[in-house]
Amino acid sequence: MPTDRYTIAEISLQKIRKSLFLQDFTRKIPGLAASVIMTLALSGSAHADSAVTDDVYAEPEITVRTSDELKDTRYSAETVQKHRGIKILLDPGHDHVQPGVLSSEHATGEYVFNVNLAVKLQQELNRRGYTADLTHTLNETCPLTNRTTKINGHRIFVSLHHDSVQEFDCEWTSKKTCRTDSASGYSVLLSNENPMLRKTYILAYATASYLKDRGFSPNYYHHTVEKVPLVTDILPVYDKQNLYVLRNSSVPAVLVETAVITNPADEKKALDEGFQKKFTEALADGIDAYFELFPENRSGDGLKEK
Ligand SMILES: [Zn+2]
């Protein structure tokens, strides 16, 4: 847990939030009332204020299984059958017209990394029985406004990106690319304006948990330097409210920043096929965990959430 990034007050706020969630839950079970009172007393939240009212960011019940535990079931006939009919829309960030940031050493546009990873994730998901589609491929342009309109019976929207840093942290190379080691690692972004925020959070939590468990290092740069709010104190999950595709998606939507390609070490990893395989496998494991929680209502997910 990145305790250095949180004040004591913020941490206790998280605890209060959890205890209020428990209170709401136990209201339906009168026998547990005493334990609720104990919980509230122990968390010191006698004067919990109005800012702490929702349970949107309560910790979901995601069990993170090791790669070994999953090795016999990922592609089994039973798994494939279970995922049959579930459509997923993958969105490689940027396109050849607006390529995103250039990588540090190879001066390659971010969208090339994104499309490559999206195709690998598509293959990985299809092997598990899902139907994964892409908003666009390498040679197609795709303005932001066209991306979420491609949601057509898809249950979730996953945008894939590679990260960069602020210009003031860059050292400029002769190729006019940014080179820096001021940030590295992965993060997951959501928008609190997504109409299905609870499910969006669970999807973000599941994918970020699996990436963390598989050894990918979390990137807290956007919080420490850019002050983007984190929505959990144990994972690099950010609320980037204004991101167009996330707030305009009618289904649960997350944006994954894979690695920081303005960092030469991360760029090297991002180009490595072993890294890509492990990363897409971890993402797919997280997506599997999400659909274990929401196996039913195969269509119409975009229409109902309380
Ligand atoms: Zn990007």
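Helices (H or I, at least four residues) and strands (E, at least two) are DSSP runs, numbered from the N terminus.

A word on what you are viewing: this is a predicted model, where local features need pLDDT of at least 70, side-chain atom pairs count only at pLDDT 80 or more, and totals for chains, interfaces and linings use all residues. Residues are numbered from 1 along each chain as its sequence is written.

Stay with α5 (residues 110-127) and α11 (residues 273-293): their axes come within 9 Å and cross at roughly 50 degrees (axes are lines fitted to C-alpha atoms, for helices over the stretch in contact, and angles run from 0 to 180 degrees between N-to-C directions). Therefore α5 is oblique to α11 (under 35 degrees is roughly parallel, over 145 roughly antiparallel, 65 to 115 roughly perpendicular, and the rest oblique). Residues making the contact include L117 and L121 of α5 and L283 and I287 of α11 (contact puts C-beta atoms, placed from the backbone, within 7 Å).

Next, select I88. Leaving aside neighbours within four places in sequence, I88 is in contact with L125, Y130, A132, H154, R155, I156 and V158.

Finally, show the strands. An open sheet of 6 strands runs β2-β1-β3-β8-β6-β7, with mixed pairing (strands pair if DSSP finds at least two bridges between them). Its edge strands, β2 (131-134) and β7 (237-239), each pair on one side only. Inside the sheet, which residue of β8 is the bridge partner of L160? Click on V256.

Terms used:
Two residues are in contact if their C-beta atoms, placed from the backbone, lie within 7 Å.
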